[in-house]
Amino acid sequence: MARISLTPDRTPLVRITEWYSRRAYGKVLEPLMALAHNRRVLLTTSRFELSVGRWKKLDPQLKLLAEMASAAAIGCSWCIDFGYWLGHGHGMPQEKLRDVPVWRDSDAYTPLERDVLEYAEAMTATPPTVEDDLAERLRQRLGDAAFVELTSMIAVENLRSRTNAALGLHSQGFKDTCDIPARPQEARTAASQ
């Protein structure tokens, strides 16, 4: 249960935010509605997120894995749910998306992806536990610009996930729209068993 109302006063800004959210994501994002209680916070966060969306030095799938690993370490089910939906939309294998919380036990990831996941967890720890050799491996493989972007994206996800978790926001059902529904015959067979 959210710790703040998700139905802020319907100001023109809130109505525009709802319209944009429905258009871009198919539903109104609950974090936006929580932030809408403070106009300046909503506007600043929106501008910031639009700017972050233009960062393009890091491979988008590595970026998403880092965000999801950070969200999983914090325990933000909203961010994991939304990340799954984003990854699915970008054609990322379901196994990689599903296994992020247990990536150490999964064979789904490349060595580079494993380093990204480990780095995200180490950065998310309080205090951070990043080791020099891991950072250097990533910097060498990604290049300086992408390494800085990776580091910044993990910090951004920490902000998102910690805010959402503190506000009591939970999964909004994005992942459910990614699952392939059972065909009618399979559904009838499963129901009769």
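**Surface, salt bridges and cores of a helical chain**

Me: Which residues make the nonpolar surface patch of about 340 Å²?
Reply: Patches are made of residues with over 30% relative accessible area and no salt bridge, like charges being joined within 9 Å and nonpolar side chains (Val, Leu, Ile, Met, Phe, Trp, Tyr) within 5 Å. Accessible areas come from the Shrake-Rupley method with a 1.4 Å probe, and for residues only the protein chains shown count as cover. The nonpolar patch of about 340 Å² is made by Trp19, Tyr20 and Leu50.

Me: What pLDDT do side-chain atom pairs need in order to count?
Reply: Residues are numbered from 1 along each chain as its sequence is written, and side-chain values use heavy atoms, with hydrogens and water left out. This is a predicted model, in which totals for chains, interfaces and linings use all residues, local features need pLDDT of at least 70, and side-chain atom pairs count only at pLDDT 80 or more.

Me: Where does Leu50 sit, and why does it count as partly exposed?
Reply: Helices (H or I, at least four residues) and strands (E, at least two) are DSSP runs numbered from the N terminus, and Leu50 lies in helix α3, residues 39-52. Buried means under 20% relative accessible area, exposed over 50%, and partly exposed in between, with a 1.4 Å probe and protein chains only. Leu50 is therefore partly exposed, its relative accessible area being 49%.

Me: How many helices does the protein chain have?
Reply: The C-alpha trace spans about 55 × 50 × 30 Å along its principal axes, and 38% of the 193 residues are buried. The secondary structure comes to zero strands and ten helices.

Me: How many salt bridges does a search of the whole structure find, and how far apart are the closest N and O atoms of Glu18 and Arg10?
Reply: A salt bridge is a side-chain nitrogen of Lys or Arg within 4 Å of a carboxyl oxygen of Asp or Glu, and the search finds twelve of them. The closest N and O atoms of Glu18 and Arg10 are separated by 2.2 Å.

Me: Why are Arg139 and Glu136 separated by about one helical turn?
Reply: The side chains of Arg139 and Glu136 meet in a salt bridge at 2.9 Å, N to O. Arg139 is partly exposed at 29% relative accessibility, and Glu136 is partly exposed at 34%. The separation is about one helical turn because, within helix α8 (residues 132-142), the two are apart by three residues.

Me: Which residues does Lys96 touch?
Reply: Lys96 belongs to helix α6, and Lys96 is buried because its relative accessible area is 13%. Contact means heavy atoms within 4.5 Å; not counting residues up to four places away in sequence, Lys96 touches Leu65, Ala108, Tyr109 and Glu113.

Me: Which residues have the most contacts inside the largest nonpolar core?
Reply: A nonpolar core is a set of buried Ala, Val, Leu, Ile, Met, Phe, Trp, Tyr and Cys residues joined through side-chain atoms within 4.5 Å. The largest such core has 29 residues, and those with the most contacts inside it are Tyr119, Leu138, Leu142 and Leu150.

Me: Which residues is Leu142 in contact with, leaving aside its neighbours within four places in sequence?
Reply: Leu142 is one of the residues with the most contacts inside the largest nonpolar core. Once its neighbours within four places in sequence are left aside, Leu142 is in contact with Leu58, Leu62, Leu112, Phe147 and Leu150.

Me: How far apart in space are Arg3 and Asn164?
Reply: Arg3 is in the segment before α1 (12-25), and Arg3 is exposed, with a relative accessible area of 62%. Neighbours within four places in sequence aside, Arg3 is in contact with Ala165, Ala166, Leu167 and Gly168. Although Arg3 and Asn164 are 161 residues apart in sequence, their C-alpha to C-alpha distance is 9.9 Å.
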